[in-house]
Every structure is written in structure tokens, then in C-alpha cells.
There are 2 protein chains.
Amino acid sequence: MLDPQRIHEAREAIAPYLAPSPLLYSEPLSRLCKRPVWLKLESLHLTGSFKVRPAFFGLLRNLAICRQRGVLTSSSGNFAQAVAYAAQRLDVSACIVMREDTSPFKLARTQQWGAEIVFCAPHHQARWETTHRLQEERGVPLLHPYDTAETIAANGTIALELLEQLDQDFDIWVPVSGGGLIGGISLALEAHGGSCRVYGVQPAVNASMARSLEAGYPLTVEHFTTRADALVAAMPGTLGFAITKRNAAVVSLVEEEALDLGVSFLAQEHKLIAEHGGAIAISALLQSSPMPTSRPLVIVVSGGNIAPTTLAKILQEIP
Amino acid sequence: MLDPQRIHEAREAIAPYLAPSPLLYSEPLSRLCKRPVWLKLESLHLTGSFKVRPAFFGLLRNLAICRQRGVLTSSSGNFAQAVAYAAQRLDVSACIVMREDTSPFKLARTQQWGAEIVFCAPHHQARWETTHRLQEERGVPLLHPYDTAETIAANGTIALELLEQLDQDFDIWVPVSGGGLIGGISLALEAHGGSCRVYGVQPAVNASMARSLEAGYPLTVEHFTTRADALVAAMPGTLGFAITKRNAAVVSLVEEEALDLGVSFLAQEHKLIAEHGGAIAISALLQSSPMPTSRPLVIVVSGGNIAPTTLAKILQEIP
């Protein structure tokens with residue numbers, strides 16, 4: 001099992017490269033939910049998502065070999081940008097496998113950091129076949145976007161920051177895809193030993209973690225498309241699933257039409273740009289019933305890489 | 001002359017209502033300018049601008065009489081929202097004079113906080129005639145949007161936060177309209193006694209402070225319209241002008257077409273929504289030449305109240 005001490009190592013390793021992300025009090029959400037609600041703004045990192053944490057830690061853990069051979073990864077877009085950026089900063093050459101239906105916006109943002117892009121067919125299996133083939137052909141170390149100890153430990157640093165920023169126990173709502181983010185946060189809070197509770201949120205069309213938790217083992221969801229293009233892992237990773245299952249986390253689901261709500265709310269009320277996957281916990285919260293309590297609720301705003309034209313469309317619908 | 005001690009009083013008074021705004025390191029701007037650049041995110045306050053600082057302090061300084069008689073102000077939009085919100089929170093009824101050409105977006109956001117709106121003709125003189133007439137008729141205390149000791153002291157709290165957040169001397173670029181913001185920041189830094197330098201930025205079409213500094217006394221600019229609809233004071237306030245003149249601040253000017261640059265940059269690179277006036281110092285910076293130095297540069301992002309349709313138009317032009 002993954003040693004929570006790794007999370008402290010990750011924090012120390014990435015500290016010279018990444019400042020803690022801001023925690024913003026949301027008065028409108030607090031009023032709505034009848035409890036203090038805080039936003040953990042992972043969207044404000046350079047490259048626009050929490051993925052810079054595992055990108056830096058993954059590279060720093062194997063820096064000598066990465067500098068010699070380069071690094072390989074596969075990503076729906078946010079990890080791609082993060083690895084491309086961290087690799088450039090650490091003087092490593094990066095190769096990234098991306099689905100050919102990746103948004104041109106995320107693609108351009110990745111290329112801007114000088115990474116080599118290899119395209120694959122637009123489904124889960126093709127992505128991993130291409131990635132593993134390249135890994136074998138080139139003998140290059142692979143940075144997994146969500147299912148390794150390094151990735152999960154690096155994601156757990158978010159929880160360490162929160163424990164200091166809030167200085168009291170809290171509930172936290174986390175966007176879920178492959179389970180790396182909820183896994184890291186759960187592991188850190190479990191090790192902290194307090195009464196913090198972790199909840200996941202997924203697009204209803206890709207309820208991979210929710211269904212896997214019901215089944216008791218990792219299941220694959222077939223054939224879906226979602227506006228939350230950062231939450232497309234069709235099956236939870238082994239490690240993330242195990243930690244999430246052990247912590248008996250509840251995962252709630254958001255329908256496609258409701259995914260715009262969170263994006264629109266953050267733009268209007270907080271002047272923040274978030275992508276559908278990044279704002280999914282806000283979308284869920286806006287549809288939930290208030291639970292009056294003084295216990296703080298933290299919403300992880302995990303990413304802001306929405307295509308400008310998509311955001312423009314949502315803004316035009318604001319009265 | 002205004003006693004800088006007032007700024008510390010203001011900070012203590014507003015502390016229970018407003019958290020310090022986040023200070024975000026901008027790696028892309030630092031790279032571009034060859035010096036560390038930081039963004040002071042006043043846009044992240046509730047109501048989307050720094051104006052909540054003077055709104056709260058103005059009301060708190062006269063709370064008993066404001067609760068009895070209400071409060072009156074005039075605003076191009078941001079101070080209106082801030083006073084409406086602070087008044088609601090402090091149980092005061094607010095009446096706000098707004099030009100009839102105020103953006104419907106800022107108007108709706110003000111009405112949402114329950115303030116009474118009185119419209120006036122769309123020019124500087126009408127605004128103040130209407131305001132002073134109402135003040136006389138109703139015997140209600142007036143909160144001036146930029147030219148009182150309270151307003152300037154409250155704006156100065158931004159500089160106190162920065163001195164703690166950065167812990168070293170810095171240069172700072174500040175959007176300028178009536179001179180209340182640059183006045184408050186200059187006063188605080190002057191009292192601090194270090195080597196911090198303050199620079200102003202105005203829309204070229206309303207170079208009221210720049211021209212007044214040249215002339216040596218406050219001048220009025222006639223007939224202009226600007227995308228930076230928060231920067232429309234056609235003449236600097238007496239107090240703000242005096243402090244700015246004493247500190248020999250330089251004011252640079254941004255042409256209308258270039259005002260979109262800052263808005264677009266903050267959206268793309270930092271996932272932040274800013275209005276034209278709020279991002280004007282970024283627009284100026286993007287057009288300036290790099291000045292390699294290790295001395296930090298702070299950019300005040302003063303507000304985020306851009307109409308959604310205007311932002312949508314700018315986003316659609318991003319490649």
C-alpha cells in the first residue's frame with residue numbers, strides 16, 4: 001500500500017516550483033448551502049490545473065533518467081500541458097500521446113511548451129496501446145496520469161495545504177476521473193486522522209468510479225462523450241480505486257446539461273474561469289439541498305482549461 | 001493632509017468583512033518582462049472589485065447615522081455594487097446615482113443587492129448635480145467614490161497587504177480614474193518609507209490624471225467613451241491628485257484597441273476574468289519594453305465586472 005509519507009516528500013520536492021494554490025471563501029455558496037464554503041483554486045496554477053503537481057513530482061523523482069531519455073505520457077489534455085511545461089522547465093524532452101479528438105485548445109496549449117505529440121484513435125484502449133507501444137519502442141520512462149504512487153502522492157499535497165489553510169477539519173468535494181485526485185486527497189486526510197470527509201463528483205455519462213464502488217472492483221464504462229473533457233478515464237486506476245473504496249467515499253453524478261451551471265456560476269460570481277470538469281463539484285452543489293452546519297466545505301476547482309469559444313457560448317447565455 | 005494612520009484604522013475596521021486578496025505570481029509576465037511580476041487580485045473580492053474596501057470602511061465609520069438615514073453614493077458601477085452589498089450586509093439602506101448609460105450588467109449586479117437606483121444623464125456634471133441634489137433633499141450621508149479621506153485610506157489597505165505578502169520593496173502599476181486608488185496606495189507606501197515606486201495607467205481617451213500632473217492642477221477631460229468603463233472620472237479628486245503629485249508618479253496611457261489585450265491575456269494565461277479597467281496595467285505592460293531587474297513588479301487587477309457578452313466577444317477572437 002502507498003505510504004502517506006510520500007505525500008510529504010512530494011510537497012517538499014515540488015515546493016521550489018509551485019506555490020500553494022489560493023483558498024477563496026465563497027460567500028454566495030455559503031449563503032446557498034448554509035455552511036462555510038471555500039474554493040481551492042487549482043485552476044490558478046500555471047497550465048491551468050492541479051496536474052502540475054504530479055508532473056513536477058514525477059519528473060523530479062526520476063530526473064537523471066528523464067534528462068537522458070526523455071519522458072512519455074498520455075493525457076486528455078491537462079496532464080499533457082502540465083508535463084510539457086514541467087519538462088521544459090526541468091530540461092527534459094517530453095512525448096505525449098493524445099486522442100485525435102482532443103480539443104484544439106488543449107492541444108495548442110501543450111505544443112506551446114515544446115512537447116512532441118503522438119495522436120491515437122479516440123478511445124481509452126487505443127490510448128494505452130499507443131502509449132505502451134511507444135514505451136517499449138523507445139525505452140522511455142512513463143509518467144502515468146493518475147495511477148501511480150507518485151501521481152497520487154503529489155495530488156495529496158492539496159490536502160496538506162488545506163489542513164494548514166483552514167486549520168480545522170472539513171468536508172471536501174472532488175472531481176473524479178481515474179481516481180488519482182480523490183485517491184491522493186483521501187490518503188492524506190486518512191493519514192491526518194481527523195474527521196475530514198471526502199466526496200467525489202463525476203459526469204453521469206462516465207460514472208466509472210461510482211459503478212466500480214457499487215460493484216466492489218474497477219469497471220469500465222463504454223462509449224460516452226462529456227463536456228467535462230478532463231474526466232474521461234473510463235475505468236478507475238487500481239491504486240486510486242483501492243484508497244477511495246477503503247474510505248467509503250460517496251460519488252455523486254452530474255448530468256451533461258447541468259455541467260454548464262458550475263462554469264457559469266464561477267464566471268459570474270467569482271470572476272474565475274473553470275472548465276466543466278474543474279467546476280463539476282460546483283454544478284453538483286448548486287443542485288443539492290442545503291445542509292446547515294458550521295463545518296467547512298471545500299470545493300476543489302481542479303482546472304480552467306475550457307476552450308475560449310465554449311466559454312463564450314456559456315457567457316452569452318447569462319442574462 | 002491625510003494621516004496615513006487612517007490606513008491602519010481602515011484595515012482593522014474592514015478585517016472582519018474582507019479577507020486579504022490573493023497575490024498570484026505570473027510566470028508568463030515575469031518571463032516577458034525579465035523581472036518577477038505579481039498580480040494583486042482585487043477582482044476576486046465579492047462584487048468583483050477593490051471598491052468593497054472603501055464601501056465597508058465608509059459605512060463602518062458612520063454606521064449609526066447610516067443605519068438611521070441610509071447612505072447615498074454615485075458610481076460608474078463598481079462602487080455601486082460594493083456599496084449596495086456592504087449596505088445590505090450592515091443593514092443600511094443605500095441609494096445610488098448611476099448614469100443612464102451604465103452597462104446593464106453592472107446595473108443588474110447592483111440591484112441584486114437591494115439598492116435603490118436613481119438615474120442621471122450620461123455625463124460627469126449631471127452625475128454630481130443629481131447626487132448633491134439628493135443629498136440636500138434627503139439629508140443622507142454621502143459616500144464619495146474616490147475623493148474622501150475614508151475612501152483613500154481604505155484603498156491604501158491594498159499596499160499594507162502587499163508589504164506583508166511580498167516582504168520586500170516593489171514597483172506597482174495601478175489603474176487610475178479619480179485618483180483614489182493610486183492615492184491610497186501611494187500614501188501607504190510613502191508612510192512605509194521604503195523605496196517602493198507607484199505608477200499609474202489610464203485609458204488614452206481619459207488622460208485626466210496624466211494631463212493634470214503636467215498642468216500642476218486638476219483638469220477636466222471632455223467627451224470621451226472608453227471600454228474601460230470603470231475609469232471614467234473626467235477629473236482627478238483633490239486629495240488623490242495632491243498625493244499623486246507629491247509622489248511624482250508617472251501615468252502611462254493605453255489606447256482603446258490595446259485595452260482588450262490585458263483582458264484576453266488574463267483569461268488565457270491565468271484563467272481570470274478582468275474588466276478592461278481592471279486589466280489596463282496588464283495591457284500597458286504587454287506593450288512596454290522589458291526592464292531586467294530582480295525588483296518585484298506588482299500589477300493591481302482592480303476589477304472583474306466585464307459584461308459576459310463583451311468577454312465572450314474577446315474570447316472568440318483568441319485563436
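Modeller: Here is a walk through the confidence, the domains, the sheets and the chain contact.

Modeller: Bookkeeping before anything else: residues count from 1 along each chain as its sequence is written, and chains are lettered from A and ligands numbered from 1 in the order in which they are written. This is a predicted model, where local features need pLDDT of at least 70 and side-chain atom pairs count only at pLDDT 80 or more, while totals for chains, interfaces and linings use all residues.

Biologist: What pLDDT does chain A average?

Modeller: The average for chain A is 94, and 100% of the residues score at least 70. pLDDT is the predictor's confidence in each residue, from 0 to 100. For the model, ipTM is 0.93 and pTM is 0.94.

Biologist: OK. Which domains is chain A divided into?

Modeller: Domain 1 covers 5–49 + 152–316, and domain 2 covers 52–143; the bounds come from an automatic or database domain assignment. Their centres, taken over C-alpha atoms, are 23 Å apart.

Biologist: And how many residues of domain 1 of chain A are in contact with domain 2 of chain A?

Modeller: 21 residues of domain 1 of chain A are in contact with 17 of domain 2 of chain A. Contact here means C-beta atoms, placed from the backbone, within 7 Å. On the domain 1 side, the elements giving two or more residues are α1 (5–14) and α8 (149–166) of chain A. Helices (H or I, at least four residues) and strands (E, at least two) are DSSP runs, numbered from the N terminus. α8(A) gives the most to that side, with four residues.

Biologist: What's that side of domain 1 made of, by class?

Modeller: 13 nonpolar, seven polar and one charged. Ala, Val, Leu, Ile, Met, Phe, Trp, Tyr, Cys and Pro count as nonpolar, Asp, Glu, Lys and Arg as charged, and the others, Gly among them, as polar.

Biologist: Switching to sheets. What's the strand order of the six-stranded one in chain A?

Modeller: It's an open sheet with mixed pairing, in the order β1-β2-β10-β7-β8-β9. β1 (23–25) and β9 (250–254) of chain A each have a single partner strand, so one side of each is left without a neighbour in the sheet. Strands pair if DSSP finds at least two bridges between them. The twist averages 25° from one strand to the next, with angles running from 0 to 180 degrees between N-to-C directions of axes, which are lines fitted to C-alpha atoms, for helices over the stretch in contact.

Biologist: Parallel or antiparallel for β1(A) and β2(A)?

Modeller: Antiparallel, over three bridges, with β2 spanning residues 37–41 of chain A. L24(A) sits opposite L39(A) there. Helix α10 (residues 208–215) of chain A packs on the sheet, touching β8 (197–203) and β9 of chain A, and its direction makes about 140° with that of β9(A).

Biologist: Over to chain B. How do β4(B) and β5(B) pair?

Modeller: β4 (residues 94–99) and β5 (residues 116–120) of chain B pair in the parallel sense over five bridges. M98(B) stands opposite F119(B). The chain gets from β4(B) to β5(B) through helix α6 (residues 104–111) of chain B, a right-handed β-α-β crossover: with the strands pointing away from the viewer, the path from the first strand over the helix to the second runs clockwise.

Biologist: Last one: how many residues of chain B are in contact with chain A?

Modeller: 22 residues of chain B, against 22 of chain A. α14(B) gives the most to the chain B side, with six residues.

How values were computed:
Two residues are in contact if their C-beta atoms, placed from the backbone, lie within 7 Å.
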